[in-house]
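Okay, thanks everyone. Let me put this one up on the screen, and then we'll walk through it together.

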Amino acid sequence: MAKRRSGKRFIAWAALSGVIGGAVFLAVAELFALLFARAASPILAVGGFVIDIVPQPFKEFAIATFGEYDKLVLLGSLGLAVVIASAIAGILQLIKPPLGVVALIIAGVLSTAAIVTRAGAPALAFLPPVLGTIAGSIVLLLLVKRLRAWRAAVLPERAEGVSADAETAAPKGIDRRRFFMVAAISGASAVVVGVASRAVSMTVGSVEAIRDSLKLPSAKSKVTIPEGAELDIKGLSKLFTPNKDFYRVDTALTVPTIDPATWRLTIDGMVDQKVEMSFQDLLDMGLDEYSITLTCVSNEVGGELAGNAMWLGVPLRDVLKKAGVKSGADMVLSKSVDGYTASTPLSALTDDNLDAILAVAMNGEPLPAEHGFPVRMVVPGLYGYVSATKWLTELKVTTFAKDEAYWTPRGYSAEAPIKFSSRLDTPSIGEAVPAGKIPIAGVAWAQSVGIERVEVKIDEGEWTAVTMSTPINDDTWVQWFMEWDATPGTHYVAVRAVNKNGDLQIEERAPIAPDGSSGWQRSLIRVT
Ligand SMILES: Nc1nc2c(c(=O)[nH]1)N[C@H]1C(S)=C(S)[C@@H](COP(=O)(O)O)O[C@H]1N2
Ligand SMILES: [Mo]
């Protein structure tokens, strides 16, 4: 009876062996990724692969539920999945050898595939996962072999397939000690090597340090900020969104790190001549200031996925002129170092009256890494996913008929002008406000056209035009406010805008897919 029960603990130790095998796999892969191919970390590659294949509603759910932490949650879940899968491999290796090692090798092959098929994968990218797989398999084999020897010593009737030396009863307990010694040494080395390699990968030659010491030339021309451009109201969005508060949306699991010294922009496709530009070439064109408000297609009515910045950059039309655009082209496919692509109508980039730019600075500093360092696109009037490519590396002049961008096969329109909108910032929904005179305030944007007027309606009252801040330009959002004599109870505050073409903001509600939300924001405000 006692023996029967003690057989079970070997299952637990087999699971631990599996987890150690998995840890060795990842640690060795991280070490060789550090040495040969930074981009070849299996966990990150598999994570990136998952991001690209999960269905859109799931991605939206992740963004809505976890917000800025969506990627951490993904990494955590992947880590948990790896632990569980490795434990199962360990158990399989004990009860049905060599199934456990076979499972580990299959996982290794799959992660190698995920790595080498990623955009911009270096030539040696296969090396880290392959070496990791070999090391992990050897450790798993060895550990389970020790475990079997130990089990054979304790439960002689289960001694099938155990080598002779284990059977010729070594001193009592020696097999157990051998198992634990191999487990402890390999487990501890895996943790030390894995954690250290990842840490070094993330800090050495840090692009953050390069960015911090980068001195950009000053602007040839500055944006004039008119008197009254910014209202001073508590709870109202700042006219320029501080970089640390600026919304971030992208598919990059880890922020790409690009040294401006090695950065190149290629302009090719339907051009007279292919052009390659360095970061210095771009700076040498001279930088101008541009105030442009960015909006994400995933922004819900009343949502936070919009922000305004003062960019420093060069007009895209001048950059494209260097290559010479051939007739027949109608789209520019911009590509990022991480494989992301966006399709922008060529006309939006060549129009003399539209400030489509390559930006190198944001609110007075080089682009933050999360916002596309060293170079990104910013195009007024188009949602970010079709225009605002971060970590830009290539502009391919092409046609909508020939090429497709990242989001197009994933349920979003190939072309997506921003649906102009207005938002209430304060009073904030759900937070009770005291009765009396309080400001109702928010922002409204109609990039490239401009906001003519913002109107507010309280309960069943009339739509009333409110006070607007003095617009900087048509590409920048405006702030608006009105004073409200709030009476106790619950009230509905609705807001809508009219653009400079005289169009009224669309009343009908639309979801974010396929080309952006619409509808008037109507909020319930509690007054006490
Ligand atoms: N390389 C890359 N660029 C990208 C994206 C991306 O996923 N990858 N997302 C786009 C989307 S959907 C938006 S709304 C803007 C957001 O820019 P921000 O993160 O600087 O606010 O970047 C665009 N540029
Ligand atoms: Mo977006």
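Predicted model: local features only at pLDDT ≥ 70, side-chain atom pairs only at ≥ 80, totals over all residues.

So, to start: which residue has a polar backbone atom 2.9 Å from an oxygen atom of ligand 1? That's T251, and it's a polar contact, meaning a pair of N or O atoms within 3.5 Å. R376 comes in with its side chain, where a polar atom lies 2.7 Å from a ligand 1 oxygen. On the nitrogen side, a backbone N or O atom of A388 is 3.0 Å from a nitrogen atom of ligand 1.

Residues count from 1 along each chain as written, chains are lettered from A and ligands numbered from 1 in written order, and side-chain values use heavy atoms, without hydrogens or water.

Back to the shell: 19 residues surround ligand 1, and Y247, T251, H371, R376 and K390 are the closest (a heavy atom within 4 Å counts as near). By class, that's 9 nonpolar, 5 polar and 5 charged, with Gly counted as polar.

Now, aromatics. The whole structure has 15 aromatic pairs, with ring centres within 6.5 Å. One of them is F10 with W150, edge-to-face (planes over 60 degrees apart), at 4.9 Å between centres and 75° between planes. F10 sits in helix α1, residues 2-36, and W150 in helix α6, residues 127-154, so the pair links parts of the chain 140 residues apart (helices are DSSP H or I runs of at least four residues).

Notes:
Polar contact = N/O pair within 3.5 Å; in protein donor to acceptor, adjacent residues only side chain to side chain. Phe/Tyr/Trp six-rings, centres within 6.5 Å; stacked < 30°, edge-to-face > 60°. Helix = DSSP H or I, 4+ residues; strand = E, 2+ residues; numbered from the N terminus.
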